[in-house]
Amino acid sequence: MVGGPGAGKGTQAATLAERLGLAHVASGDLFRKHLREGTSLGRQAARYMDRGALVPDDLTITMIEQRLGEADAAEGVILDGFPRTVAQAQALDAMLERLGSRVSAVFYLDVERDELVRRLSGRWLCRANSAHMYQAQTHPPKVAGRCDYDGAELYQRQDDKPETIKARLEKQLPPMFEVVDYYADKDVLHTIDGDQPHAEVTDSLLRAILAPAK
Ligand code: ADP
């Protein structure tokens, strides 16, 4: 799943993973997990994340390779937020080839930059489950500050501050477009209009996944 920060990758990847019975591997969530657990990788990654920069490729690739080695990844995974650079995409191809596998499809969630800024600025997440997300203007929780599903506290991510949002878009969109081109050249890219209601984006994704191979 490829898309700018706030394009909806996380929500859609979680839904698809559940519908298709695949593991959901989200690079940002893995970095935050490492940080909570106090690993050296987590501490190194945080220095970049706090500034809205991409974490260096070597750290990111090592982390994903470890994750793909876990048992639940054997049947295939939905990758969310990785690869974000061409070097990561090439490393992914090499690791999958070693495992006798490949990237079967890439979904680019296309959302305009102004809309990304709007979404990120009002984003609230559930402490108990990061797939439970709210948007202050378009999808507010029923009770302010509380998750509709489990009543857990809602919080705003450290990197969803206005200065960091700007930095993330400036630093991360150009390499993302290179990744989009990389997969377009390999003929595995599907561009999905990410500026539709959640359920419609999910339907578009499922239609693309279930469509006969090109
Ligand atoms: P979002 O998609 O909203 O930007 P993520 O949770 O996917 O959020 O990522 C949070 C941060 O983690 C990014 O801003 C970046 O610093 C870092 N990160 C996540 N994935 C990668 C990656 N593949 N390569 C480098 N840095 C990454």
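In the predicted model, Lys166 and Glu170 form a salt bridge in which the closest N and O atoms are 3.8 Å apart. The two residues lie four positions apart in helix H7 and are therefore separated by about one helical turn. Glu170 is partly exposed, with a relative accessibility of 46%.

This pair belongs to a structure that holds 15 salt bridges. Asp160 and Arg123 pair through their side chains at 3.0 Å, N to O. A network of salt bridges links Arg123, Arg157, Asp159, Asp160 and Arg168. A further salt bridge joins Glu153 to Arg127, with 3.1 Å between the closest N and O atoms. Glu153 lies in the loop between strand E6 (133-135) and E7, and Arg127 in the loop between E5 and E6, so the pair ties together parts 26 residues apart in sequence. Glu153 is partly exposed at 39% relative accessibility, whereas Arg127 is exposed at 52%.

The ligand is surrounded by 21 residues, the closest being Ser27, Arg32, Ala53, Gln88 and Gln172. By class, this shell has seven nonpolar, seven polar and seven charged residues. Helices H2 (27-36) and H7 (162-185) each supply at least two shell residues, and the largest share, four residues, comes from H2. Oxygen atoms of the ligand lie 2.6 Å from a backbone N or O atom of Ala53, 2.9 Å from a side-chain N or O atom of Lys9 and 3.1 Å from a polar side-chain atom of Arg123. The protein covers 96% of the 540 Å² of accessible area that the ligand has on its own.

Terms used:
Residues numbered from 1 in each chain as written. Predicted model: local features only at pLDDT ≥ 70, side-chain atom pairs only at ≥ 80, totals over all residues. Heavy atoms only, no water. Near = heavy atom within 4 Å. Polar contact = N/O pair within 3.5 Å; in protein donor to acceptor, adjacent residues only side chain to side chain. Areas by Shrake-Rupley, 256 points an atom, 1.4 Å probe, with all protein chains shown as cover. Nonpolar A, V, L, I, M, F, W, Y, C, P; charged D, E, K, R; others polar. Salt bridge = Lys/Arg side-chain N within 4 Å of Asp/Glu carboxyl O. Buried < 20%, exposed > 50% of the residue type's maximum accessible area, 1.4 Å probe, protein only.
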